[in-house]
Amino acid sequence: MVKKIMTGNVAAAWGARLSRAEVIAAYPITPQTIIVEKLAQFVSDGELKAEYLHVESEHSAMAACIAASQTGARTFTATSSQGLVLMHELLHWASGARTPVVMANVNRALAPPWNVWVEHTDMMSQRDTGWIQFYAESNQEVLDTIIMSYRLCEDKDIQLPAMIGLDAFYLSHTSEIVDIPDQELVDKFLPQYESSYPLDVDNPLSIGSLSMPHQWYPEFRYKIHEAMKRVIPKLNQIEEEFYKEFGRKYTGALELYNTKDAEVVLIVSGAAAGTVKETVDILKKKGLKVGLIRLRIFRPFPSEELNKALSKASFVGVIDRSFSFGHEGAIFSELKASLYGTKNSPLIKNYILGIGGRDITTDTISRVYDNCFTCLKNNKIDTPIEWVDIKV
Amino acid sequence: MKRAGIPTEEFIYSGHTACPGCGAMLVARYLLKVLGKNTIMNIPACCFAAIPGTFPDTCLSIPLLYNAFETTAATASGIEAALKIKGKKDKITVVGFAGDGGTADIGIQALSGAIERGHEIIYVCYDNEAYMNTGMQTSSLTPMGATTTTNPAGKKGGWRTRTKKNMMEIVAAHNIPYAATVNPSYPMDFIKKIEKAKSIKGTSYIHAYSVCPTGWRYQPELGLELGRLATETGIFPLYEFENGVYTVNYKKKTKEVLEYYKLQGRFRHLPEDFIKEVQSVIDKEWQKLLYKEECSHR
């Protein structure tokens, strides 16, 4: 184990390197580019044995990764924002083909107007593509999650792709101390990928052919859903093993912070969780019963886990760093649906924050908690969906 | 084993769902006869995506991967890269097999990328000159004068007036190691070229003439005759581009465009003047090709 100071992008590249990604398809986009640059350097220096493809678009990057995966190789790519949405068609393809492609996505806003700063709309709008979605809080988590994702995705009970979101600049370009696990230990934790049905001239299969309504199409789709249902329990097992091997503990779909006796709980995903934790610590000292749930996985959506974690909360504020126009924040929608029909469900309000990379500070979060308490006191939600600090 | 110079082994079983007289089927059949058992093929949305059968049936005895419409070359790149890292590439040929729309329109970016990167793949475009699987819509390889469902000939014209994109020139501009046109009406030439493509270190591009009785509106039994006419008129010249050098393989341009056009319902509406215009375009292109051959051999 070596400790190094590195950015989230470099941590992502290390995650792919330690996982011994065999085919890497690379296309540059700010603020992701450093991930593929670093991987190119690893390959050039002989530190990573991989086929490195300079593809001409993110669309081809994903197509090449899918095909390489179906030929039996472990694959990696990285993208962001416009690149991710360009891939959209192939994201559906990757899950439909049951390929364990792992991808880092630097969460960035979508144009126009051009904006290269953090937002989660890029990944949220891929909600229904059949990908497992992680949102990281730290660079260490980025590295570790990539390694664990391969274990998870390649598991015969899962066989689905995963994207690991890291917030633009707050993680991608911010340096932190990161433990780089020993390669030998990673090799032990993550053995070589063995595809169940690779393209093989000695066992020729036609893969992906037409399936009519009365044939198997609905069954193929249902099996993706079943695999998704197995993701969280499987992840819990893998994280337990990871803890034993590497000494770092992850807590499945959710991270609970001071929620035990909390009256008001905020829900957030991504790097802003650090700011919320800081605010919780400040407010706790003032005697306020506040807590935080960090959503680590958005797909599959951890409904049961959230309902359990919120069973004693009186008020829930959901922070969405994305928005579904004509409706509300994505996490808010999903959480409300999960809470439907539960007994004593808490009051719930949506806060739209940090759009296009607008800074989220402890002051912002303090005001959000304050508003939560006001609503709770009045037993009335003032505005169900509030765009915080909007100048119009 | 070969009979009359053609390998006897078959890699496509009977029971496929192609239309009677399908040119794509003949192209695929000859192609696989040469490439043999150790071949992985990938195909996008196109007629051939529907031909091998529905899951779990297949009429192919080689591994076949279906890919998204515009990703044939990127998919073949991914297969090749995976085979390389697994140390299997030397024994296996990777072939992307796409129609004209999947190649010259929606798939051209991925094709350009794959050739530029120099993947060791064979890319075959079976050119039936329109989006035939969706029912005969115009592609950029639909020929001058043809009526299609999106260029329907009407009282005020409406048929396609543009010339075909020259895919051979587009791939040649990438300095591709090997590109060739093939026509199933000339099987020996076809086989020789696929053998060469198989032996090339780097990307090969094969542009295959592929008749379509359903879309071109002619009697299915006329397919091979039509193919010969296409080459004898200079409409579909047989030639190769190898390391910058052009070689025209069949130089007897003895027939008029009209002879080819009049056999097909898709050209039935054309006035005589327009066919003359087509003739002049074909003649010019033929001359250009001969010049290119001459210059590149100097």
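**Ground rules.** I number residues from 1 along each chain as its sequence is written, and chains are lettered from A and ligands numbered from 1 in the order in which they are written. Since I am reading a predicted model, local features need pLDDT of at least 70 and side-chain atom pairs count only at pLDDT 80 or more, while totals for chains, interfaces and linings use all residues.

**Confidence.** I looked up pLDDT, the predictor's confidence in each residue, from 0 to 100, and found a mean of 97 for chain B, with 100% of its residues at 70 or more. For the complex the predictor gives an ipTM of 0.97 and a pTM of 0.98.

**Chain B overall.** I find eleven helices and ten strands in chain B, where helices (H or I, at least four residues) and strands (E, at least two) are DSSP runs, numbered from the N terminus. The C-alpha atoms of chain B fill a box of roughly 60 × 50 × 40 Å along the principal axes.

**A helix pair in chain B.** Here I looked at α3 (residues 72-85) and α5 (residues 108-117) of chain B, whose axes come within 7 Å and cross at roughly 35°; axes are lines fitted to C-alpha atoms, for helices over the stretch in contact, and angles run from 0 to 180 degrees between N-to-C directions. Among the residues making this contact are B:A73 and B:A76 of α3(B), together with B:L111 and B:A114 of α5(B). I count residues as in contact if their C-beta atoms, placed from the backbone, lie within 7 Å.

**Where A meets B.** I find 37 residues of chain A in contact with 38 residues of chain B. On the side of chain A that touches chain B, the elements giving two or more residues are β3 (51-54), α3 (58-70), α5 (88-96) and β9 (206-207) of chain A, and α3(A) gives the most, with eight residues.

**Domains of chain A.** The assignment gives domain 1 (2-246) and domain 2 (254-387) of chain A, with bounds that come from an automatic or database domain assignment. The centres of the two domains of chain A, taken over C-alpha atoms, are 28 Å apart, and their contact takes 25 residues from domain 1 and 21 residues from domain 2.

**The sheet in chain A.** I traced an open sheet of six strands in chain A, in the order β10-β12-β11-β14-β15-β16, with mixed pairing. β10 (254-257) and β16 (385-387) of chain A stand at the edges with a single partner strand each, so one side of each is left without a neighbour in the sheet. The twist averages 20° from one strand to the next. Strand β15 (residues 347-352) of chain A pairs with β16(A) in the parallel sense over three bridges, and A:Y351 stands opposite A:E386 in β16(A). Helix α10 (residues 273-285) of chain A packs on the sheet, and its direction makes about 165° with that of β12(A). Helix α12 (residues 330-339) of chain A also packs on the sheet, at about 145° to the direction of β14(A).

Methods: Two residues are in contact if their C-beta atoms, placed from the backbone, lie within 7 Å. Two strands pair if DSSP finds at least two bridges between them.
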